[in-house]
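I opened this model to look up a handful of local features and to note each with the cut-offs behind it. The entries follow in the order in which I took them up.

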Amino acid sequence: MKTLPVLVLAVKRPPVITMQPESVTVFSVEDLVMRCKASGNPPPIVRWTKDGLEFNQGSDPELKVSEVTASFPFYTLSNTMDSLKQYQGKYVCYASNELGTAVSNEALLITDVPPTLQKEKKVHVKSEQGSSIVLKCNPPQSSMEPIIHWMDWRLHHIQLSQRVMVGKDGNLYFAHLTTEDSRDDYTCNVQYLATRTILPKEPITLTVTACEFSNSVVRNKRPQMMRPAGSHSTYHALRGQTVELECIVQGLPTPDVTWLWKDGEMSNNRTMKDMFDRRLRFSSISESDAGEYQCRANNSQGAITHTYTVIVEAGPYWTKEPVSQLYAPGETVRLDCQADGIPSPIISWTINGIPVSGQRILTTSGSLILNDVNFGDTAIYQCQASNKHGTILTNTNVYVIELPPQILTEDGNKYTLTESQKALLECETFGSPQPKVICDSLLADPRVNLLTNGGLEISNVTHDDEGFYTCSVQNTNLSVNAELEVLSEYFHRYTLEGPDLIIANVGPDDEGVYTCQVITKLDMAEASGTLTLCDRPDPPVLLQITDPKRRAVTLSWTPGDDHNSPVLEYVVEFEDQGSKERNWEEMKRVSGNTERASLPLWPNMSYRFRVIAVNDLGKSDPSKPSEIHKTSPEAPENNPEDVRSESTDPDNLVITWEEMDERDFHGPEFRYRVLWRRVLGSGPTWHINYTTAPPFIVNDVGNFSAFEIKVQAVNEKGDGPEPDPVIGYPGEDVPLEAPMDVGVVLMNSTTIKVTWAAVDKKTVRGHLLGYKVLIPGRRAKESESTMVVETGANEEKKVISDLRPYSHYTLAVTVFNSKGEGPASEMLSFKTNEGGEDEKERKNAGEIPPSESKMLCLFCSRFCSLLYHVRPSSSFYSSCTFILSPFYKKLPHSLRFPPRSPFPFKGVTEVQPSFATQGWFIGVVSAIVLLLLILLILCFIKRSKGGKYSVKDKEEGPMDSEARPMKDETFGEYRFVI
């Protein structure tokens, strides 16, 4: 071995690229650096090509070439990014000397602009409790892969969970919302490692509204896929990549996600789950990982699945690379080059970077054969494998030279082995042509094999194989000797690795003092060490149950041998003899210096105990079980939790709860006592029934209303504690009645205000969610869809805009709950005004403001009924044309209003153009009104000037019966209704 460096320095060496150029994305002028490092003797000359053409970086004034020996990097002197775009391309480095040219891998140089934030509007998102939502990040576009951090204004990370998580797209997903999610500082911070920048996006405000009613329960929801969409998707991956499959789901309660590989069982060494089991990660995917993977999300309401079809392809990779060697003139050289990939790569060869030509033979397997080589065939041969995913390249040196043979292995090596081991005696040679090692006398033994590198392999050595072995080079007097020593079988477990002593399968017999001696011709030194065997402890023995009480016992034991490693703790386990489904379970842990433990017990159980000792090396085997100990039955101490109603069908009240653990039954004949009563109308009487498992269904409960429900645990020994009632509801049904007294007020040519009377809550038959105003398209022939405007539950009016001016419309109002909509009110027709004037122009023109419309409608109806002697039930009551001078001049006005009960109402009657709108008619009506007012004034004056007489005389004097006024004719009893 010592002669090898001298030999290497004595000969010429072909160039070898020791530092490959790397692809780079340039974001600033400092990033543009391309390096290529090579070695060889004589020192190689480096040149570059860009996109297949010669690239002379030294002649470019914008570039500077480093003078570092054999490194050859170049970098830019420019100060602007625009000037760097000309350097984008594919670069290849060539290193050459007189023995050939080595070719580097291809490196890609790309210029890009560092990502920046654009001006954004602040986002306000409002959603209801229990619904799902996605807060979008939308990171800036860049060639770099961003890392997303969702944080608050204090730069604290948003707490992630199964319910709240970040997707691979950077968005923040909520499986369902709670009121605690409301905040105004959800900030997406985008991190780019290459540019060492973090870009904070505009904070998002999320407002989560609670249920409409304080006693409403957020309804559970089945799982639904948020990302990816649909039930199936295909994922293409490249061999060796890190791949993440993702399933983000919504639902209430929060769904659990499990993963399944349809082609077999997933290996923990190949895959791992992340982001609360929402992601399945392959750290280095291979072709064997291809197949179908299914994620399944389920909660108490149902389940949903998504299937990924994973297709794994591969860029080229080597399965066999050609070996660089020395060859003598006249030899036949075979360079084997094999690569694999999906799709299968194409193999090509070049010599010193130039495609192969001439007498070279290229086989179908990709091998290159050179017949009868000479000194001119000394070169560097490149094997290249390519498919659509990339290209790989390897350089192989073929050095045709004549060198005398040498043996590089030292003479006198000694090999020590034990019986039945395999011996490998080295004999490394060097020369051109390759020296041939001979040992014909030994090859007759089938256990002996001569290796291609000159080594001698002897399998299953015995004492008969001990002795000296000679390695000789054919046709020379070169040889070296080696000694083989074979130890007995006893020493088979003892092996030396350099100065270390290795003991296999160590046991108690190996304990003792070991001495290591170092002996030279001048001196000797030794060192000793004690081997102490440590092991897991023996199990405890002699378990005893003492001090039995109603709900506790004391368990004691005797420790076993700790095997030179102190016991750290004892684990007490128990087994319930009455349960066939349960195995041994841990009950308590106590410190290693304790030999007893006080154990709490459940009533009505049969116990057996065992103890396990633990030290640094592991756990002992379990001790033998103790005798059986039984506890007496008692009344339950707890009631079931999460009592609730999950009713879906009308007239049914479904009461359910979380089942109790059998150990909490505390006695035989365990049952659940179910109690329910209507909150209003039924008095203090509770309805009672019994069941052994949830749910319990109460049929024919009647109208939708709130119930008090509670569930109590009972057994033959007594009842559990008195439970607190909770509110539940039967299943909802669609509302029975439509809203009444629907009216329309015209606000302007495109806006109306719709009013209605609140419905009776009893007719809703569920939780009132609100009202819907339905406005169909203007004409049946038009393709316009119905406009639907929803309101809250407590609203009785709604302003609707964006209508078309001067158009006929109809509308109806419905009430809805979670089950659906009730019947619609009667259709109400109306016509919007002409457009083209703003509100000020309309008022100047005499149009009635909306705030005054009700007052004027009332005046008009009363006045018209007096003037024209129209009965209140007449259709005239619905429309009246009049002049409001001097308050509103110039134009007559048309008022529309919805009459209230008790008058019959079928809709708003529109005033059609008639003589009533003509000027002459308006003048006549105005004159009549003025005359009536004058007559009324004269009547009042005449009465106030009647004859004067004594009040006393009037009281005492007789009155003629004929002069006595009748009540119905008394002037003071006349009333004008205006």
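I began with the side chains of Glu 732 and Ser 818, which a polar contact of 2.7 Å joins; a polar contact is a pair of N or O atoms within 3.5 Å, where within protein one must be able to donate a hydrogen and the other to accept it, and residues adjacent in sequence count only if both atoms are side-chain atoms. The model is predicted, so I kept in mind that local features need pLDDT of at least 70 and side-chain atom pairs pLDDT 80 or more, whereas totals for chains, interfaces and linings use all residues. Residues are numbered from 1 along each chain as its sequence is written, and side-chain values use heavy atoms, with hydrogens and water left out.

I placed Glu 732 in the loop between strand 66 (726-728) and strand 67 (740-746); strands (E, at least two residues) and helices (H or I, at least four) are DSSP runs numbered from the N terminus. Glu 732 is buried yet has no salt bridge, and the nearest side chain of opposite charge, Arg 219, is 5.5 Å away. Buried means under 20% relative accessible area, exposed over 50%, and partly exposed in between, with a 1.4 Å probe and protein chains only. A salt bridge needs a side-chain nitrogen of Lys or Arg within 4 Å of a carboxyl oxygen of Asp or Glu, and for charge Lys and Arg count as positive, Asp and Glu as negative, with His and the chain ends not counted.

Leaving aside neighbours within four places in sequence, I found Glu 732 in contact with residues including Phe 704, Arg 765 and Ser 818, contact meaning heavy atoms within 4.5 Å.

I then followed Arg 765, found in the loop between helix 2 (761-764) and strand 69 (770-775). Its phi is near 55 degrees, a positive value in a residue other than glycine, and Arg 765 counts as partly exposed because its relative accessibility is 22%.

Which other residue did I look up for a phi near 55 degrees? I noted Asn 352, in the loop between strand 32 (346-351) and strand 33 (354-355).

The side chain of Asn 97 reaches the backbone oxygen of Arg 13 at 3.0 Å.

Last, I checked peptide bonds: a cis bond joins Leu 252 and Pro 253, with omega about 0 degrees, and another cis bond joins Pro 694 and Pro 695.
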